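Look at the model first, then read on.

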Amino acid sequence: VMASMAHLQKEKLRLQEELLELQEKLAAQENNELSLSLQLQGQVETLKEKLLEQAQEISRLRSELGGTDAEKHRDLLAAENERLRQEMKALEGELQRQQQAPCRDCPHLQENAELQEQLSQLQREAEETRARLVELDLEVQQKTNRLAEVELRLKDSLAERAEEEERLSRRLRDSQETIASLKSQPQQIKYIIKTVEVESAKVKQALCETQSRNQYLQEQVGMQKQVLKEMEQQLQSSQKTEAQLRAQIMMYEAELERAHGQMLEEMQAMEDEKNHAIEEAFSRAQVEMKAVHENLAGVRTNLLTLQPALRTLTHDYNSLKRQVRDFPLLLQETLRSARAEISQAIEEVQSTNRELLRKYRRELQLRKKCHNELVRLKGNIRVFGRVRPITKEDGEGPEAANAVTFDADDDAVLHLLHKGKQVSFELDKVFPPQASQEEVFQEVQALVTSCIDGYNVCIFAYGQTGAGKTYTMEGTAANPGINQRALQLLFSEVRGKAADWDYTITVSAAEIYNEALRDLLGKEPQEKLEIKLCPDGSGQLYVPGLTEFRVQSVEDINKVFEFGHIKRVTECTNLNEHSSRSHALLIVTVRGLDRSTGLRTTGKLNLVDLAGSERVGRSGAEGSRLREAQHINKSLSALGDVIYALRSRQGHVPFRNSKLTYLLQDSLSGDSKTLMMVQVSPAEKNTSETLCSLKFAERVRSVELGPVSRKAELGSWPSQEHLEGDSPGSSAPAGRGHASPSPGQLSSRSASIRRKLHTSG
Ligand code: ADP
Ligand code: MG
């Protein structure tokens, strides 16, 4: 505490010194200002003097001259005077201002204020310390006071005790004296008695008297003895009291001692306390000191650590500055590289794209090839048979009996009971009467689809009138045939590919009657159309003037069909008759454009409802009927020839032998696919025609493919005329179903032999 007080005293002294210094400074400042103001006042004084002088001069001049010149001079002087007065006023104002606001922005003032504040703070601190010191002093004073009090009390009690002792001893002494005096008294009396007795009788009276007196005295002695006894008792009690008092004294002494000890202890404790307080204060001061030292050390280390941090910060700042300076360049660089990267990436993506496109094209090609191969494996020219159910028109009785049966294990075989004999035929597939339009279409579907890929497809319905050709191709409104289903399929397929392909589907409808081609959708149906070679030298054929309708939905085709029908109905008196004598063609063209590759495809789907294949009896036929029959014969035989030539891969295919084959030339040759749907009636009465149709079908089908077929002789197709000439029975053995043990094992050699047999007979 002393040290801290000394320290504070020192601090206070230092601050006082500082304060003194500051006050001195302030005084100097004030002196300065005073001198400045004095200076200014001096200036003012001089100015005033000057003014006075001027005035005197004026008066002098006025007295001297008194004229106008003097007046002028006076005026001049008056102006001068005025000016000077103004100047003086301004200076006075400045002086005043100076005095009012002495050095408003003097740095010392601020410093002074700060120092004064500091001083006041320090003074406050000193005050506090002083107050604390006074408190401590007070505490010490109180403690000493208490000590003095205790000592005083002790002294008092000691004095009291001594007094009491004294009193008691005095009393004891008194009592002893009394006892002594009392002891000496009886000896005197005995002596007197003896003397009296010696004086004897004479004094007997006296003795008596004396005796009485003695008695009395004895009584007195007794009394005295009693008194003595009493006294002794009293002494005893006194002694007891004394002992008691002694004990009490002892006790008091002990108490005194104890109090003394206590006091000493207390003093010791207080001493200890004091020491402890001092120690505590010292240790606290040390701790504080230590903390201050630590703080100082911390601050120092902080400062030390801050210096490198500052250095790194400066360094960072500099590098950042540099970076900022370099940033635009860097940015440009980065942008350039990013641009390069992006363009490179784009290039890469483009190349990948190209690669993908190439692969896609290759895959497309492959798929097409595979599909084509599949169709080719199934046969580019396929022959199906369809047997219609027995209808009411077939009538009743044995004539309407069923003559056609099927093989349960093989759906490509059918048996015909003709004149008591069963003839078997094998085609690519046979549809029994219960086969639905849908089932039939399922088999045709693949062909229709390949049309989208750009292949030409022909589907023919062949058979005698009433065998179900129109039913298969057109169907009924409730149960549509291949025509409508094919178009529907095309629409849905095209829609499915719409993401990549643009497709346009157009339809034309035509009729070939008596070798004349007519447009069923045209404005003038009677006009005969010609088939011509394309002038571009591609070898393609086209029909100038054939109407093409673009169709986009089922409603569109329905409209087209209706339109065609109406045409046909209005043109002909007997539609059934007419239709059985003419070939009806529905030509669907699918043109596609692959938006990604730019690839263009064109596929044609020819759906042909052929004229009735029934033979017209030679006798019954004449005139136009005969001509019709001859035309039909010719065109159907030509179709047979063409298909035969195609299937046997002959060098020459006689397309030009009929309008129908000529028109369908590009849809029958090359990669084109052909389906011949041979329609037959199962009725007993039709077996002869059925036989003919099935024979036609089997002949078309039995043409072998491959190199051997190519070499096959160019035999002529058995014409309808020829067939007509043959009796059904005689041509029956030629049916392969009879001869061949198993259609699958048929060798090309045996086939060629059989063909020879055919042609020969
Ligand atoms: P075509 O066209 O060959 O002369 P149609 O298609 O006009 O023969 O058929 C003659 C009759 O037989 C029609 O009344 C037709 O409805 C019916 N018909 C043909 N095939 C079937 C079949 N598969 N199922 C039901 N009826 C059929
Ligand atoms: Mg028909």
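A crossing is left-handed if the near helix is turned anticlockwise from the far one by less than a right angle, and right-handed if clockwise. The model is predicted: local features need pLDDT of at least 70, side-chain atom pairs count only at pLDDT 80 or more, and totals for chains, interfaces and linings use all residues. Residues are numbered from 1 along each chain as its sequence is written, and side-chain values use heavy atoms, without hydrogens and water.

**Two helices**

The crossing of helix 5 and helix 7 is right-handed. Helices (H or I, at least four residues) and strands (E, at least two) are DSSP runs, numbered from the N terminus. The axes of helix 5 (residues 437-452) and helix 7 (residues 482-496) come within 9 Å and cross at roughly 50 degrees. Axes are lines fitted to C-alpha atoms, for helices over the stretch in contact, and angles run from 0 to 180 degrees between N-to-C directions. Helix 5 and helix 7 are therefore oblique to each other. Angles under 35 degrees count as roughly parallel, over 145 as roughly antiparallel, 65 to 115 as roughly perpendicular and the rest as oblique.

3 strands form an open sheet in the order 2-3-4, and the pairing is antiparallel. Strands pair if DSSP finds at least two bridges between them. Strand 2 (404-406) and strand 4 (421-426) stand at the edges, each with a single partner strand, so one side of each has no neighbour in the sheet. The twist averages 25 degrees from one strand to the next. Strand 3 (residues 413-418) and strand 4 pair over 6 bridges. Two of the bridge partners are these:

| Residue | Bridge partner in strand 4 |
|---|---|
| L414 | F425 |
| V413 | E426 |

Strand 3 and strand 4 form a hairpin with 2 residues between them. K419 in the turn has a positive phi of about 50 degrees.

**Another helix**

Helix 10 (residues 623-647) is followed by R649, whose phi is positive, near 50 degrees.

Definitions and conventions:
Chains are lettered from A and ligands numbered from 1 in the order in which they are written. The expected span of a helix is 1.5 Å times one less than its number of residues.
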